[in-house]
Number of protein chains: 2
Amino acid sequence: MKRRNTATKEAVLSVLNSSDKAMSQGAIEKKIGVNINRATIYRVLNRYCEDGVLHRIVADNGKQYFALCEECDKHRKPLHHFHFRCEKCETIECLPEPVHFSLSNAYVVEKVNCVLTGICKDCSKF
Amino acid sequence: MKRRNTATKEAVLSVLNSSDKAMSQGAIEKKIGVNINRATIYRVLNRYCEDGVLHRIVADNGKQYFALCEECDKHRKPLHHFHFRCEKCETIECLPEPVHFSLSNAYVVEKVNCVLTGICKDCSKF
DNA sequence: TAATTTAATGCAATTATGTCGCATTAGTGT
DNA sequence: ACACTAATGCGACATAATTGCATTAAATTA
């Protein structure tokens, strides 16, 4: 199933590119300017995850957030890194901190989802 | 606000005690035998979390799971430990593996939620 | 360039998880 | 036994995310 280039996909990617944080569907929809259906945004995001363009973070509020893999590569972040959810500014940030664990190889680990929650460095100033 | 002892609370605790895994509201409701309202189970679980009897894990499927803190203490699990969600048997397990991270104390960390997802040691045998 | 194929989209409906208000029930202490 | 109020059941609600289906529009081919 070959992907097609559409304005919608470009718009979503551009919003994520212009942010240094992970974003939820809602946040993307707010920032995107043009009118794009909610379901479509989700579909675009899911496809990007499948294709390895984005990674999905599920925070402890149960919501999904999406971040550019390329952005993390560029900043030399480890493949599996911690994420920080700030309860004040309601953002999710990819941290440079790597996730380490060692467990019996009887386990098959397919996904790693690590989120710290609290007040981020910008919000804790005040 | 002092807590009262009720059959419902005992039943919920007993179900969790009889399991070595973290459980969702749905799983608890299925296993509890007696009829207890969904909202009530959630309220009981939330109160236990407030009281430090249970800890809440939010998995990458967006669902909440609850595990006995005492059980983790007994097995000498670190305060912050990894959790494993098996996609085959649909359970969540508290792992003895500790979560380590170091980050600027400009961040205020209030919650730690780390979940690995895949196939657990029991299911990977087959 | 026109025709064909099918991926992508919009809309509405649906699913699922979790919470809340309110009336009622039932622990607990006096 | 009574008073106080925490706990419960019920229904409604909120939110996040997905799905079916008809339509639109990229990309490929003739």
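Reader: In which sense do S3 and S5 of chain B pair, and over how many bridges?
Author: In this predicted model, strand S3 of chain B, residues 81–86, and strand S5 of chain B, residues 108–119, pair in the parallel sense over four bridges.

Reader: And which residue in S5(B) is the bridge partner of Cys86(B)?
Author: The partner of Cys86(B) in S5(B) is Gly118(B).

Reader: What is the strand order of the sheet?
Author: The sheet is open, has six strands with mixed pairing, and runs in the order S4(A)-S3(A)-S5(A)-S5(B)-S3(B)-S4(B). Neighbouring strands in this sheet are turned against each other by 30° on average, with direction ignored.

Reader: Switching to helices, at what angle do H1 and H3 of chain A cross?
Author: The axes of H1(A), residues 7–17, and H3(A), residues 38–50, come within 10 Å and cross at roughly 75°; because angles of 65 to 115 degrees count as roughly perpendicular, H1(A) and H3(A) are therefore roughly perpendicular to each other.

Reader: Which residues make that contact?
Author: H1(A) contributes Thr8(A), Lys9(A) and Val12(A), while H3(A) contributes Thr40(A), Ile41(A), Val44(A) and Leu45(A). By class, the residues of this contact are four nonpolar, two polar and one charged.

Reader: How many residues surround DNA strand C, and which are the closest?
Author: DNA strand C is surrounded by 26 residues, the closest being Thr8(A), Thr40(A), Asn5(B), Ala39(B) and Gln64(B). The elements giving two or more residues to that surface are H1 and H3 of chain A, with H2 (25–31) and H3 (38–50) of chain B.

Conventions
Residues numbered from 1 in each chain as written. Chains lettered and ligands numbered in written order. Predicted model: local features only at pLDDT ≥ 70, side-chain atom pairs only at ≥ 80, totals over all residues. Axes fitted to C-alpha atoms, helices over the stretch in contact; angles between N-to-C directions. Parallel < 35°, antiparallel > 145°, perpendicular 65-115°, else oblique. Contact = placed C-beta atoms within 7 Å. Nonpolar A, V, L, I, M, F, W, Y, C, P; charged D, E, K, R; others polar. Near = placed C-beta within 6 Å. Pairing = 2+ DSSP bridges.
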